[in-house]
Amino acid sequence: MRPSRRAVLTAAATAAVSTAPTAAAAPPHHRLRTGFERLTRDGYALLAGQKAGIVTNPTGITREARHIVDVMHADDRVELTAVFGPEHGFRGTAQAGGSEGRHDDPATGLPVYDTYLKSGRPLADIFTASGVDTVVFDIQDVGARFYTYIWTLYDCMEAAQLAGKRFVVLDRPNPVTGRAALGPVLHREFATFVGRQPISQAHGMTVAELARLFNGEFLTEPVPLETVPMSGWRRSDFYDASGLPWVPPSPNMPTPETALVYSGTCLFEGTNLSEGRGTTRPFELLGAEGIDRRWAAAANELALPGVRFREAYFAPTFSKFQGRTIGGVQLHVHDRVAFDPVRTGIGLLVTAKRVWSGFAWRPDHWIDRLTGSTRVRTMIDAGADTDEVVAGWQEELAAFRRTRRKYLLYR
């Protein structure tokens, strides 16, 4: 007897599942509750009797994709009186390096204050003028030192202390896990808005853990700080384990896969190569005019864990090489557990310089701000290979890992 069509399809589906690569498969969802979910479940008790202002952006949503400002504004149990917008703005209307300015939110009528590039006393004055008692922070981070939202967190904590305000952090997952800190540690003389304090390039922490670290190690005077941790999150979890919708935290962070590579490939902002801005795969596509298949071949020869490189050609619609077809590589992460984004970024810099005579650092040595010192640039210029560059930061990384351990909230 011939098997039925349903039996054939069932057998094929079973075979496909059994032969699928386990590294690429998403783990089963377990019930995660964000800091905001736990705050609301407790009836906003932490904010009782307080005028609250919140630092947030489009990532501040519920699992039903409602913005938390809209939810709080409609709830009589909490008095939300102000919103503070970071880079790209509260509703996310601005591109990189921009913000929305001071305005009233059309949806809620709440005053929205601009925090971008403000710190210290000027930011404290904004908190004072807003009339809030407590500043709340809820923004999705991506796990990299040079992603500016964590320094918005730092600046707002410092300003809240100066203004005599309480500070509450509502936690969200680190989308690339919290397993380990990776990469070089910032040297203080290279501090900017892409790195205020000496933490590693991929910090492996959540925003609540970072807030505890900032308060305990870096602020001159600690702010009255309370954190609302998640429940159901494990340090080994990638974002797809959360069951939460992904909202791009910034225009060039479209997917969790972008976040996975970002802490390594963002280093190409410090070079004359495109980091993929203006494409549908920013930070996964890298290239420049004059680069050909030799770069992908050289990168694959490094046998970097968890990733392969494909010769790629693309034409960015904005940013470097706008409207021009350029050659380069696309990263394909096939084992995200084994993948090391920072080592991968260094390997790509080393091989790009080796195979392309046109390679150059940005004239302002922005690479030093991104890596936190002159070491990566000078070692690569001196001909160091990937392992030698990575070995150069291991002592300072070990010291940061010891400090970091004291502030972790999750296993």
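In what follows, Ala, Val, Leu, Ile, Met, Phe, Trp, Tyr, Cys and Pro count as nonpolar, Asp, Glu, Lys and Arg as charged, and the others, Gly among them, as polar. The model is predicted, with local features needing pLDDT of at least 70 and side-chain atom pairs counted only at pLDDT 80 or more, while totals for chains, interfaces and linings use all residues. Residues are numbered from 1 along each chain as its sequence is written, and side-chain values use heavy atoms, without hydrogens and water.

Beyond its neighbours within four places in sequence, Leu153 has contacts (heavy atoms within 4.5 Å) with Phe137, Phe167, Val169, Val207, Leu210, Ala211 and Phe214.

Turning to open space, a pocket is an open set of points on a 1 Å grid over the protein atoms alone, where a 1.4 Å probe fits, with protein on both sides within 12 Å along at least five of seven lines; lining residues have an atom within 4 Å of a point. The largest pocket has about 430 Å³ of space. Its lining comprises 24 residues, with Glu87, Ala96, Thr148, Glu269 and Arg277 nearest the centre; by class, 15 are nonpolar, five polar and four charged.

Methods:
Points joined across faces, edges and corners; volume = space filled by probe spheres on them.
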